Amino acid sequence: MKTRSIRGHVIGIIAILVSAVIFLVPFAFLVVTSFKNVQEASFLDFTWPREQFAFWENVVAVFQTNDFQLITAFINSGILTVSSVATMVVLSAMIGWVVSRRASRWNGLINMLVLAGLIVPPAVVPTIWVLQGLGLFKTMPGLILIEVAFGMSFCILLFRAFVGTIPKELDEAAILDGAGPLRLFFQVGFPLLRSVIVTVIVVQAVTVFNDFANPLYFLPGAENATVQLTLYNFQSQYQTSWNLLFTDILLITVPPLIMYIFFNRQIVSGLTAGAVKG
Amino acid sequence: MTTLGQVATGTPTPRRRRSRGPLANRSYPHWFLLPGAAVYAVLFIVPTFASFFFAFTRWNFFSIQFIGFDNFVTFFEDPQLTRGFTNTLIFGVITSVVKVALGLVLAVLLTSGIFARGYLRAVIFFPVLVSTIGVGITFRALLDPYDGLVNKSLAAIGIQGPGWLTDPNLAIFSVIGVDIWKGIGLATLIYMAGIVAIPRDYYEAASIDGASGWKNFWSITVPLVMPATTTVIILSLIGGLRSFDLIWATTRGGPGFASDVIASVIYKQYQAGYYGLSTAGNVILFLVVAAIVLPIFVWLNRKQTDL
């Protein structure tokens with residue numbers, strides 16, 4: 001028993017050292033570089049800033065770039081994330097609710113479409129063509145609907161599984177009391193789905209906020225930039241100003257980080273759904 | 001919890017005898033499906049079907065001309081585009097295999113009695129949350145051939161590091177490494193959930209029979225975490241074959257076109273105004289993903305039910 005715990009400790013210490021080198025050093029490097037001024041940052045040394053602690057100056061500089069593009073970008077990303085996640089949650093919860101509660105002949109088709117939504121890569125130019133036809137290309141509502149369409153499959157999967165665990169007796173009581181389908185869903189179903197809704201919101205919010213490819217394709221233009229695109233735009237402009245680039249990365253990592261700190265458990269349960277058969 | 005498998009096989013929801021057919025169904029009307037179905041049909045299904053038409057055209061929104069299989073021929077004759085095709089396969093396969101192997105080992109380690117478990121889990125998972133573009137830019141600095149931290153550290157112990165992202169033969173593998181760095185936390189978490197769900201009785205029975213740790217791993221853990229393995233393989237394959245962000249943030253497909261994948265070719269051809277060729281790339285990507293993921297999916301699910 002004793003030799004075993006010693007071995008456990010040795011493995012533990014090795015694991016901590018290795019993980020520190022592989023996972024913490026890149027992050028620490030990011031942080032210390034964002035503290036430096038341009039000249040010092042250009043050496044790419046992994047050291048504490050020697051010449052000047054320039055973090056605050058860097059933050060101001062990053063915000064001022066391109067007429068405060070980062071502020072616009074935070075607003076854009078905020079609108080995009082909140083609207084698309086809210087829409088996604090309501091629409092997919094309704095689908096998951098009906099599909100799970102009702103044995104319909106449509107269910108086979110719906111399952112197939114959900115699976116297709118997870119696997120099939122979206123066809124980029126034809127999607128732009130459709131958006132143009134609807135007058136939604138290069139507009140925020142267009143991008144919001146795109147995120148909804150691409151994210152729904154994952155949400156439906158989670159909702160459908162969860163609805164299956166809620167006893168139907170609760171519905172039956174409400175139906176006997178004369179509740180219509182809308183009242184049944186919003187007043188009985190929705191509150192019972194609370195925990196899975198939180199999971200879906202957190203996972204999808206982080207996904208949409210970190211999304212790069214869809215805004216790049218479907219919402220081009222500097223005034224429309226989302227936070228991920230500021231990195232892309234600043235990259236050519238800053239050339240070797242690693243300090244500013246890294247400061248920008250740090251700033252746009254703050255919202256997902258806050259999400260992680262508060263909703264750690266929900267993120268984990270949402271992302272690991274499927275690991276256990278049941 | 002659900003498995004991806006239920007979707008494919010379309011396991012019907014268990015029907016309750018007590019539900020009263022049409023009356024009960026009226027409480028779950030089909031029109032609930034409509035709003036979601038409308039968005040999905042217009043912005044996903046229509047473009048997907050349209051892509052099978054536009055892939056056979058020379059197209060730029062203003063004019064369109066049917067050219068048969070020319071785009072596909074170009075795709076497989078032009079060495080730049082062929083390289084993108086093979087790189088996609090390399091990227092998808094290597095990242096999936098490594099994530100399965102490493103993820104399982106790390107998960108076993110983290111569910112054993114090791115100390116500082118919480119710290120290790122948080123550290124490994126954190127990169128999953130950082131934006132892919134941010135990770136890509138950070139590693140561009142770390143992997144810089146002259147000033148990068150990696151090569152400076154190697155130089156300190158007397159090894160001259162290669163040009164990780166600038167050597168045409170190495171670039172795609174370096175990006176693969178970064179992708180594994182970013183995604184391993186998710187694979188580990190999925191495996192941890194799978195391992196925790198294995199009933200302790202199996203291990204107790206095995207230890208009475210005198211089975212060692214190694215034997216336990218192969219005869220109990222590996223077969224019983226099969227659902228987790230399925231999830232990790234499918235997710236990594238889907239993500240890996242479609243990967244764009246990380247490649248764009250680290251190499252932009254370069255040097256030259258050495259690290260291009262189909263997804264980056266699609267973007268480049270779109271930017272260059274070759275919409276038909278770009279769409280043909282999309283169709284090829286669709287076929288590649290379907291041809292690889294679907295058989296594995298069916299096979300893994302069958303294996304799962306055999307147990």
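In chain B of this predicted model, helix α6(B) passes helix α9(B) in a left-handed crossing, a crossing being left-handed if the near helix is turned anticlockwise from the far one by less than a right angle, and right-handed if clockwise. The axes of α6 (residues 117–129) and α9 (residues 171–196) of chain B come within 6 Å and cross at roughly 125°, where axes are lines fitted to C-alpha atoms, for helices over the stretch in contact, and angles run from 0 to 180 degrees between N-to-C directions. The helices α6(B) and α9(B) are therefore oblique to each other; angles under 35 degrees count as roughly parallel, over 145 as roughly antiparallel, 65 to 115 as roughly perpendicular and the rest as oblique. Helices (H or I, at least four residues) and strands (E, at least two) are DSSP runs, numbered from the N terminus, and by this assignment chain B contains 15 helices and 2 strands. The C-alpha atoms of chain B fill a box of roughly 75 × 70 × 30 Å along the principal axes, and 51% of its 307 residues count as buried, that is, under 20% relative accessible area, with exposed meaning over 50% and partly exposed in between (1.4 Å probe, protein chains only).

In chain A, the axes of helix α3 (residues 55–101) and helix α6 (residues 140–163) come within 6 Å and cross at roughly 40°, and α3(A) and α6(A) are therefore oblique to each other. The crossing of α3(A) with α6(A) is right-handed, and the residues of this contact divide into 18 nonpolar, 8 polar and 3 charged (Ala, Val, Leu, Ile, Met, Phe, Trp, Tyr, Cys and Pro count as nonpolar, Asp, Glu, Lys and Arg as charged, and the others, Gly among them, as polar). Helix α3 of chain A also holds Phe68(A), a residue other than glycine whose phi is positive, near 60°, and which counts as partly exposed at 43% relative accessibility. In chain B, Arg252(B) likewise has a positive phi, of about 50°, although it is not a glycine; Arg252(B) is placed in the loop between α13 (245–250) and α14 (262–271) of chain B.

Because Phe56(B) lies in the loop between α3 (34–54) and β1 (57–59) of chain B and Phe66(B) in strand β2 (residues 64–66) of chain B, the pair ties together parts that are 10 residues apart in sequence. Phe66(B) counts as exposed, at 56% relative accessibility. The pair of Phe76(B) and Phe85(B) is edge-to-face, since its ring centres are 5.2 Å apart and its planes stand at 75°, and Phe76(B) is partly exposed, with a relative accessible area of 42%.

Residues are numbered from 1 along each chain as its sequence is written, and chains are lettered from A and ligands numbered from 1 in the order in which they are written. Local features need pLDDT of at least 70 and side-chain atom pairs count only at pLDDT 80 or more, whereas totals for chains, interfaces and linings use all residues; side-chain values use heavy atoms, with hydrogens and water left out.

Terms used: Rings of Phe, Tyr and Trp (its six-membered ring) pair if their centres lie within 6.5 Å; planes under 30 degrees apart count as stacked, over 60 as edge-to-face and the rest as tilted.
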